[in-house]
Amino acid sequence: MSYSPRLETALKFILQDPSIPTSAERPTSPFIIAARFLKNNAPHLFEIREMGFESENPMDRWLWDLLA
């Protein structure tokens, strides 16, 4: 999956933090925790535009909507 460069960098940075719980049973949990943190604290990292604009990043939009 390809997210906008700033969002991808921020997610990778946060996921390196050892305080984020990991679980073999739920491997997506750390990613969702990091994404929710970014949505609440740094929403500007998501490259979302109004529908119809070419600069919209569909994966950023998908993640944003998933976390709603």
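**Burial, helices and core**

Modeller: To begin with burial in this predicted model, 32% of the 68 residues of the protein chain count as buried.

Colleague: Which elements make up the secondary structure of the protein chain, and in what order do they run?

Modeller: The count comes to three helices and zero strands. Read from the N terminus on, the order of the elements is therefore written with helix symbols alone, since strands are defined separately from helices, and it reads α-α-α.

Colleague: How are helix 1 and helix 2 set to each other, parallel or oblique?

Modeller: Helix 1 covers residues 5-15 and helix 2 covers residues 29-41, and their axes come within 9 Å and cross at roughly 120 degrees. An angle counts as roughly perpendicular from 65 to 115 degrees and as roughly antiparallel over 145, so the two helices fall in the remaining class, which is oblique.

Colleague: What classes of residue make the contact of helix 1 with helix 2?

Modeller: Helix 1 passes helix 2 in a right-handed crossing. On the side of helix 1 the contact is made by Leu 7, Ala 10, Leu 11, Ile 14 and Leu 15, while helix 2 brings Pro 30, Phe 31, Ala 34, Ala 35, Phe 37 and Leu 38. Sorted by class, this contact has no polar and no charged residues, and the nonpolar ones number 11.

Colleague: How many residues has the largest nonpolar core?

Modeller: In soluble globular proteins, nonpolar side chains tend to be buried together. Here, the residues with the most contacts inside the largest core include Leu 7, Leu 11 and Leu 38, and the elements that give two or more residues to this core are helix 1 and helix 2. Leu 11, leaving aside its neighbours within four places in sequence, is in contact with Phe 31, Ala 34, Ala 35, Leu 38 and Leu 63. The number of residues in the largest nonpolar core is 15.

Colleague: Is Leu 67 buried or exposed?

Modeller: Leu 67 lies in the segment after helix 3 (58-66), and, apart from neighbours within four places in sequence, Leu 67 is in contact with Ile 32, Ala 35, Arg 36, Lys 39 and Phe 46. Its relative accessible area is 11%, and because a residue under 20% is classed as buried, Leu 67 is buried.

Colleague: How far apart in space are Leu 67 and Ala 35?

Modeller: In sequence the two residues are 32 residues apart.

How values were computed. Residues numbered from 1 in each chain as written. Predicted model: local features only at pLDDT ≥ 70, side-chain atom pairs only at ≥ 80, totals over all residues. Heavy atoms only, no water. Axes fitted to C-alpha atoms, helices over the stretch in contact; angles between N-to-C directions. Helix = DSSP H or I, 4+ residues; strand = E, 2+ residues; numbered from the N terminus. Parallel < 35°, antiparallel > 145°, perpendicular 65-115°, else oblique. Left-handed = near helix turned anticlockwise from the far one by under 90°. Contact = heavy atoms within 4.5 Å. Nonpolar A, V, L, I, M, F, W, Y, C, P; charged D, E, K, R; others polar. Core = buried A, V, L, I, M, F, W, Y, C linked by side-chain atoms within 4.5 Å. Buried < 20%, exposed > 50% of the residue type's maximum accessible area, 1.4 Å probe, protein only.
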